[in-house]
Amino acid sequence: MTLSLYDTLTRGKRAFAPRDPKRVTMYVCGPTVYNYAHIGNFRPVVVFDLLFRVLRDLYGNEAVLYAANVTDVDDKINRKATEEGVPIGVISDRYLAAYNADAAALGALQPTFQPRVTETMDAIIAFIGDLVTEGAAYAAEGHVLFDTQAFPDYGKLSGRPMDEMIAGARVDVAPYKRHPADFVLWKPSKADEPVWESAFGPGRPGWHIECTAMIEQALGLPIDIHGGGIDLVFPHHENELAQGVCAGHGHEYADVWMHNGFLNMGDEKMSKSLGNVALAHDLLKQYPGEAIRWALLAGHYRQPLEWTGDLIEQAKSALDRLYRVLDDSARFLDGVPTGARASGGEHTGATQAFDAVLGALQDDLNTPTAFAGLFQLADHLRAAVMGKDVAGVERSRALLLEAGQLMGFLHADAGTWFQGGADDDLKAKVEALIAARLAARTARDWPEADRIRGELSALNVEVMDGPTGATWRIKEQA
Ligand code: AMP
Ligand code: ZN
């Protein structure tokens, strides 16, 4: 199996071939940390986390270097810091901590590097210097601007003609610009804004140069994969590419450009400026992070995905289905005497379903097909439990766990998953009833034991007696 990925620049899918399979590099544009991030911001987090996992599986954990940056210098951060009367670092640290906690709750692994603009300032300034030396940037009235005329391929990534780019960039055509599409690399800071010293005068960087310099510093140029949301293709990635190529780093920047589609609410992109947002921070109080992750991967990453209550409920039911068969099979195996356990048999059906999951993921992260493969694995496992086929249960259970965990799912204990919906009061009540039932059974008071079972059933709780005592779970919804 080979990994194939869709590349926005060449507009097609092709086999992924890293420059050095022992050092595979990926960079994804991260958040500006001034507020809680909405669930749309977490679509790239989850999508590229999945790719990170697939790459680690293919090339080895140590071989894959993933950098996801944090923008911690920005007008919105400045405004919030001024409102609260605190330094910008207080704002960015607060919301970065919240962002990382939400990402972890959604099952995202910590990227190898999480560079911050404030910690990359020397590299940013040096990079701008390189562009000036190469004749691709010029200083004008305290600013340094990128000279788009110095890069004949400007517009190739987004496929836009120059007039449209000028209109699309909504650049205020400052008189000091040589060409209206030229963009800012360095600008003077206003009175109340943070300021850094540089060879071009005191000021602060433009947004695009930050990413290019962070890539160079964290990973080195060129890189294998560059990712982000589709809204970043123009102008952000178009400008990053121009800077990266023109700075004289071997004239290559990124081998594959990948972009996730929008997460929409109603007919519109979820965005803070439209006000139609659901915060991950709030959703995580209502739903398990794993169910939200499933919902974010329910559609193919390049397609738009509509965020609805149904989407998340369906995600939750899908996981219930997988955890239920894992729970049932664990119980079945618990009841099998150790001597009777024997791994063996090929169980071709389960192996094929497992390969189908891997094949789908390697086909440009086709998550809907991968999910179908997980359900096939679950069906094989269910059939093996019904047929009391011990080896079959062991094999298909291991494959289901391996495939699910590769995608960042099924790490929870099944019992904990099913009790997750119960609040503390219900848990305490159930535990007390189970203890009372045990006492009744020990006293051989069968009518009382049955009465308590009925009471538990009325609470929608199913009790399972096993060799190590009774366990319970919330009943499957009809
Ligand atoms: P921002 O903080 O707006 O720069 O966004 C951080 C990341 O989230 C970028 O990769 C954006 O492209 C992505 N993003 C923002 N809004 C959405 C959305 N509604 N759907 C999918 N991706 C989004
Ligand atoms: Zn970026």
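**Entry 1: the sheet**

In what order do the four strands of the open sheet stand, and is the pairing parallel or antiparallel? I worked from a predicted model. I read the order as β5-β6-β7-β8, with antiparallel pairing. I then looked at the edges: β5 (137-140) and β8 (204-205) each have a single partner strand, so one side of each is left without a neighbour in the sheet.

I followed one pairing in detail. Strand β6 (residues 143-146) is joined to strand β7 (residues 183-187) by three bridges, and the two run antiparallel. I noted Val-144, whose bridge partner in β7 is Trp-186.

**Entry 2: helix α4**

I turned to helix α4 (residues 121-133), which packs against this sheet through its buried residues: their contacts are β5, β6, β7 and β8, together with α6 and α7. I recorded as buried Met-121, Ala-123, Ile-124, Ile-125, Phe-127, Ile-128 and Leu-131. Just after α4, I found Gly-135 with a positive phi of about 80 degrees.

**Entry 3: the zinc ion**

Which residues coordinate the zinc ion (ligand 2)? I listed Cys-29 through SG, Cys-211 through SG and His-236 through NE2, at 2.0 to 2.2 Å. In sequence these donor residues follow the spacing C-x181-C-x24-H. Cys-211 belongs to helix α6 (residues 207-218) and His-236 to helix α7 (residues 233-246), so this pair ties together parts that are 25 residues apart in sequence.

Cys-211 is buried, at a relative accessible area of 1%. His-236 is buried, with a relative accessible area of 1%.

**Entry 4: aromatic pairs**

I counted aromatic pairs by ring centres within 6.5 Å, and the total came to 13. Why does the pair Phe-42 and Tyr-99 count as stacked? The ring centres are 5.1 Å apart and the planes lie at 25 degrees, and planes under 30 degrees apart count as stacked. The pair links distant parts of the chain, with Phe-42 in helix α1 (residues 42-59) and Tyr-99 in helix α3 (residues 88-105), 57 residues apart. I found Phe-42 buried at a relative accessible area of 0%, and Tyr-99 counts as buried at 9% relative accessibility.

Elsewhere, I noted a cluster in which ring pairs link Trp-294, Phe-371, Phe-375 and Phe-409.

**Entry 5: helix α15**

I examined helix α15 (residues 424-442), which has 19 residues and reaches 27 Å from first to last C-alpha, close to the 27 Å expected at 1.5 Å a residue. Which of its residues are buried? I listed Leu-426, Val-430, Leu-433, Ile-434, Arg-437 and Ala-440. Viewed down the axis of α15, these residues fall within an arc of 120 degrees, so they line one face of the helix. In general, an α-helix has 3.6 residues a turn, so residues three or four places apart point the same way.

On the other side of α15, I found Asp-424, Asp-425, Leu-438 and Thr-442 exposed. The cover over the buried residues includes α16 (446-458), β14 (461-466) and β15 (469-474). Just after α15, Arg-444 has a positive phi of about 55 degrees.

How values were computed:
Residues are numbered from 1 along each chain as its sequence is written. Chains are lettered from A and ligands numbered from 1 in the order in which they are written. This is a predicted model: local features need pLDDT of at least 70, side-chain atom pairs count only at pLDDT 80 or more; totals for chains, interfaces and linings use all residues. Side-chain values use heavy atoms; hydrogens and water are left out. The expected span of a helix is 1.5 Å times one less than its number of residues. Buried means under 20% relative accessible area, exposed over 50%, partly exposed in between (1.4 Å probe, protein chains only). The arc is that of the directions from the helix axis to the C-beta atoms. Contact means heavy atoms within 4.5 Å. Donors are N, O and S atoms within 2.8 Å of the metal (3.2 Å for Na, K and Ca); water is not among the atoms, so sites may look incomplete. Two strands pair if DSSP finds at least two bridges between them. Rings of Phe, Tyr and Trp (its six-membered ring) pair if their centres lie within 6.5 Å; planes under 30 degrees apart count as stacked, over 60 as edge-to-face and the rest as tilted.
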